[in-house]
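Let's take a walk through this fold together, one piece at a time.

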Amino acid sequence: MENDNFLKGKVAFITGSGSGFGREMALVFASKGANLVLNDINMIGLEETRDLVLKEYKVDIYLAQADISEASQVKEMRKKVLDHVDNIFLIVNNAGIDGGLYKSLAAPIDVYDKVMAVNVKGAWNITKAFFRKMKGQRDFKPIRGKIINIASCAGTDCGINPYLGIYSASKATIIAFTKIWALELGSSNITVNAISPGLFLTPIYKNDPTTIRMFMDARGVKLPIDRIGKSKEVADIALFLASPASDYITGQNIIIDGGMTVSINKM
Ligand SMILES: NC(=O)c1ccc[n+]([C@@H]2O[C@H](COP(=O)([O-])OP(=O)(O)OC[C@H]3O[C@@H](n4cnc5c(N)ncnc54)[C@H](O)[C@@H]3O)[C@@H](O)[C@H]2O)c1
């Protein structure tokens, strides 16, 4: 996989790419020749990502600012994007928000609405906007397109967490949609997989390892590989899912967590 420009001529559309994992994914996809459509609600972050990518790689980049939770904005963005690019090989539903430390039944209704709107409806809006374009890409063989959903350990059986109540439920829903879309789109040769990261240092944790360590101590979390993850490690799993090496994988959720979820209550 190292030297192969396997994404050349292919477009990767990444939501939430003005920061964190999304930015790292933009870099790794560009390193394999992908042209990029970068979405975020935050234009300054998008411009920073674009500049970082262009410093290293000669690829085409289109910046598509929109709030993915708003169907009308997604519709408008879709039109502009499809005027600029001739394919959408990859969709990465990465944009997400956390919603604070509330048990699900204690969370205010606006937290419920906002977290579900971005983390679930946003991914659904984007997938709905672009899956038909993917389906029509018969020249891409054997796979016409790939969808990668960024979920979370908090959405898995082992990591589900009442203190991240609504967030946890939103990520479990995204894992369910991963399986549902894999079933709906498999006959069109489109794969759909999820990545569930554990604890990673990104702006969602204010780039602050102490915040993460406090969370771990409060919840009694132990990591067999005892360090906080690096965003590039999530981006490399996304690159594997974007590569031909994963063409026969669909409907799966890959957990990358230093062993956190297997260790709960065992260490
Ligand atoms: N950092 C972690 O430890 C961790 C762990 C598990 C899962 N995740 C998930 O990974 C994904 C990326 O998170 P991150 O850690 O890189 O966070 P981040 O805050 O650095 O990046 C999220 C990006 O999404 C954008 N965004 C937010 N709302 C949006 C909207 N409505 N429309 C468009 N863009 C929007 C933000 O502006 C930001 O640039 C999220 O889905 C998050 O839930 C993160």
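Helices (H or I, at least four residues) and strands (E, at least two) are DSSP runs, numbered from the N terminus. Please keep in mind that this is a predicted model: local features need pLDDT of at least 70, side-chain atom pairs count only at pLDDT 80 or more, and totals for chains, interfaces and linings use all residues. Residues are numbered from 1 along each chain as its sequence is written.

Now look at strand β1 (residues 11-14) itself. Both of its faces are covered: Val-11 and Phe-13 on one side, and Ala-12 and Ile-14 on the other, are all buried. A residue is buried if 20 or more other C-beta atoms lie within 10 Å of its own, exposed if 12 or fewer, and partly exposed in between, with C-beta atoms placed from the backbone. Four bridges join β1 in parallel to β2 (residues 35-40), where Leu-38 stands opposite Ile-14. Three bridges join β1, again in parallel, to β4 (residues 90-93), and there Ile-91 faces Phe-13.

Stepping back, the open sheet has seven strands in the order β3-β2-β1-β4-β5-β6-β7, with parallel pairing; two strands pair if DSSP finds at least two bridges between them. β3 (61-65) and β7 (253-256) stand at the edges with a single partner strand each, so one side of each has no neighbour in the sheet. On average, neighbouring strands are turned by 15 degrees against each other, direction ignored. Axes are lines fitted to C-alpha atoms, for helices over the stretch in contact, and angles run from 0 to 180 degrees between N-to-C directions.

Towards β7, four bridges join it to β6 in parallel, and Pro-197 has Ile-256 of β7 as its bridge partner. Helix α4 packs on the sheet, touching β1, β4, β5 and β6, with its direction at about 175 degrees to that of β4. Contact means that the C-beta atoms of two residues, placed from the backbone, lie within 7 Å.

Finally, visit two loops. Between α4 (109-135) and β5 (145-150) you will find Pro-142, and the peptide bond from Lys-141 to Pro-142 is cis, with omega near -5 degrees. Asn-189 lies between α5 (165-185) and β6 (190-197), and has a positive phi of about 60 degrees although it is not a glycine.
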